Amino acid sequence: ERLCARLSRFTSRPHSLIRHACELHALGVSGPEVFALLREPPPAGESDVEPALEALAAEPAGLGWPDPGSAAEGALLRCTEVAFALPWDGDRCRAAIGRRLGPTELARWVDLLLYLEMAHSWVELHPYTGWAEDPPVCAHLHALTEEEARLEAFFLHYADAYARGPRGLVRRLASETSRRRHLVQDLDRFFTVAPDLFAILGFAGRFRRLNPAWAEFPGRSSR
């Protein structure tokens, strides 16, 4: 649950984050402990988790999942965040985690990450999912925020924190790339079907591109 709660910070909807925070409370984790677990800034890449990589490298291989609250668990959580949220920058983290966990626990780790990715995608596609009716939330959210008042503001402003995080940045870049691609496609479509003569000139004053209308101009062709 500690891992699920930490990885739920990488989805833009607070449903999963609140649910797993309440699940932790049901397991006996206090409000201040939950807040401390969730408030740590997510890593921006492997360069941010060098101490965690060194800690895992110092551990014997094949020990399985570390004890809750241990330094080894903290290192594994940090490296898992990179492997989950920034897979293109997580080769060393995946290798260190696989070495520490061993084959059996590594397979369970992979299954858990796949499940969380699917669950987060479902929540993203169903933004009006009512987390307030979720049994763990109904049973523990009030007590959780009573124990740690800062959690209420954390949940309320979670979307802003997500936007500043690595996945929020990736999403903004993907959106901007998509917007520019559509603009280029619209311009290309207009350039192709326009009946008037259009040309694109380079800085040296030479034609770089002519639209098809030039083919109908006497003595000229688009080529």
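This is a predicted model: local features need pLDDT of at least 70, side-chain atom pairs count only at pLDDT 80 or more; totals for chains, interfaces and linings use all residues.
View 1. On the α2 side, the contact is made by Ile18, Arg19, Ala21, Cys22, Glu23, His25 and Ala26, while α7 contributes Pro136, Val137, His140, Leu141, Ala143, Leu144 and Glu147. Sorted by class, the residues of this contact of α2 with α7 comprise 9 nonpolar, 2 polar and 3 charged.

**View 2. The kink in helix α6.** Helix α6, which spans residues 91–125, contains 35 residues, yet its end C-alpha atoms are only 29 Å apart, short of the 51 Å that a straight helix would reach at 1.5 Å a residue. A kink of about 120° is located at glycine 102 within α6, shortly before proline 103.

View 3. From C-alpha to C-alpha, glutamate 105 and glycine 64 are 5.8 Å apart in space, although 41 residues separate the two in sequence.

**View 4. Helix α4 against helix α6.** The axes of α4 (residues 50–58) and α6 come within 9 Å of each other and cross at roughly 30°, an angle that makes α4 roughly parallel to α6. The crossing by which α4 passes α6 is left-handed. In this contact, Glu50, Leu53, Leu56 and Ala57 of α4 meet Arg92, Cys93, Ala96, Ile97, Arg99 and Arg100 of α6, and by class the contact of α4 with α6 holds 6 nonpolar, no polar and 4 charged residues.

**View 5. Helix α4 against helix α5.** Here the axes of α4 and helix α5 (residues 71–85) come within 9 Å and cross at roughly 125°, and α4 and α5 are therefore oblique to each other. As α4 passes α5, the crossing is left-handed. The residues Ala52, Leu53, Ala55 and Leu56 in α4 meet Ala72, Ala75, Leu76, Arg78 and Cys79 in α5; by class, the contact of α4 with α5 has 8 nonpolar, no polar and 1 charged residues. Leu53 and Leu56 of α4 take part in this contact with α5 as well as in the contact with α6.

How values were computed. Residues are numbered from 1 along each chain as its sequence is written. Side-chain values use heavy atoms; hydrogens and water are left out. Helices (H or I, at least four residues) and strands (E, at least two) are DSSP runs, numbered from the N terminus. The expected span of a helix is 1.5 Å times one less than its number of residues. The bend at a residue is the angle between axes fitted to the seven residues ending there and the seven starting there. Axes are lines fitted to C-alpha atoms, for helices over the stretch in contact, and angles run from 0 to 180 degrees between N-to-C directions. Angles under 35 degrees count as roughly parallel, over 145 as roughly antiparallel, 65 to 115 as roughly perpendicular and the rest as oblique. A crossing is left-handed if the near helix is turned anticlockwise from the far one by less than a right angle, and right-handed if clockwise. Contact means heavy atoms within 4.5 Å. Ala, Val, Leu, Ile, Met, Phe, Trp, Tyr, Cys and Pro count as nonpolar, Asp, Glu, Lys and Arg as charged, and the others, Gly among them, as polar.
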